[in-house]
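Please open the model in your viewer and keep the selection tool at hand. The tour below goes from the whole chain to a few places inside it.

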Amino acid sequence: MARTSARTRAARGCALDALDFALDRTSPVPLYHQLAQQLEKAIERGALAPGNLLGNEIDLSARLGLSRPTVRQAIQSLVDKGLLVRRRGVGTQVVHSQVKRPLELSSLYDDLEAAGQRPTTRVVRNERVPATADVAAALAVAEGSEVTLLERLRGTHGQPVAFLSNYLSPALPDFDTGRLESTGLYRLLRTAGVTLHSARQTVGARSATAEEAALLAEAEGAALLTMRRTAYDDTGRAVEYGTHVYRASRYAFDFQLLVRP
């Protein structure tokens, strides 16, 4: 029985066995935070994959030479971020990595696919609607003009990540719902001969409405990241206006800041 338990613990800990943790006990950064950061980076780069087991707190404490409260606090911080989950009778398990998207003119579908996240899409609406004042101003068309509204639920690893509302210029062709569910909008625009050149974008945050919470598997009032973007082609024409909401527990915008000379 003892040998079986040891083999079981070894099997469960194998996901961590290939990792090296560099914990600086002289650093002012708390040990639990150092451990949490290194675990999160391992998840982001795929060294810890969805489904991997991390073993229990006793095993981890002994392996890393840390106290159980330190290990527990590190794990809890990643549970709170949605990267790990505690399963009764199984242990601590990797769920998924948080999507970190660079602030550049790219589509969420392309970014997820490039990160190995296997994006999925469910089209909620694909229809022509009259342009509201905000949409008309963004696309430089008359208010009430007929534009295409696309509403899509984008997910990865079986979990929703974002709800995307996009309004397309009347000059663009209609896109088949099946194609929208199998690839990204910007790919379809490129296929249609549209060369995207630049965009104007605003990032913010707010609480989820009841409808958004239901779509995104979050509690009503949960934190959401928001993005508004108007994309322009190489002639300067506005071709797409998007208003998107993202689960803050699964998603982050990644900034690179440069010092102005």
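Begin with helix H4, residues 68-80, and look at what lies around its buried residues: the cover includes helix H2 (31-44), helix H3 (57-64), strand E1 (84-87) and strand E2 (91-94). Bear in mind throughout that this is a predicted model.

**The whole chain**

With everything displayed, you have a protein chain of 9 helices and 10 strands, and of its 261 residues 42% count as buried. Among contacts between residues at least 6 apart in sequence, 59% join residues at least 24 apart. Select residues 1-14 next, where the pLDDT is below 50 and where the model has 7 contacts beyond near neighbours in sequence. Where pLDDT is low, the predicted coordinates should not be read in detail.

**Helix H4**

Return to H4, whose 13 residues reach 18 Å from the first C-alpha to the last, close to the 18 Å expected at 1.5 Å a residue. Show the side chains of Thr70, Val71, Ala74, Ile75 and Leu78, which are the buried residues of this helix. If you turn the view to look down the axis of H4, these buried residues fall within an arc of 125°, so they line one face of the helix. Just after H4, select Gly82, which takes a positive phi of about 85°.

**Helix H3**

Move to H3, where the buried residues are Glu57, Leu60, Ser61 and Leu64. They cover an arc of only 100° around the axis, which puts them on the same side of H3. Just after H3 comes Gly65, with a positive phi of about 70°.

**The cores**

Now select Phe21, Leu35, Leu48 and Leu84, which touch the most other members among the 20 residues of the largest nonpolar core. H2, H3 and H4 each supply at least two residues of this core, and H2 gives the most to it, with 5 residues.

Which residues are in contact with Leu84, once its neighbours within four places in sequence are left aside? They are Ile43, Leu54, Ile75, Leu78, Val79, Thr92, Gln93, Val94 and Val95.

Finish at a second, separate core of 14 residues, which includes Val123, Leu150, Leu172 and Val239.

Notes. Residues numbered from 1 in each chain as written. Predicted model: local features only at pLDDT ≥ 70, side-chain atom pairs only at ≥ 80, totals over all residues. Heavy atoms only, no water. Helix = DSSP H or I, 4+ residues; strand = E, 2+ residues; numbered from the N terminus. Expected span 1.5 Å × (residues − 1). Buried < 20%, exposed > 50% of the residue type's maximum accessible area, 1.4 Å probe, protein only. Arc of directions from axis to C-beta. Contact = heavy atoms within 4.5 Å. pLDDT = per-residue confidence, 0-100. Core = buried A, V, L, I, M, F, W, Y, C linked by side-chain atoms within 4.5 Å.
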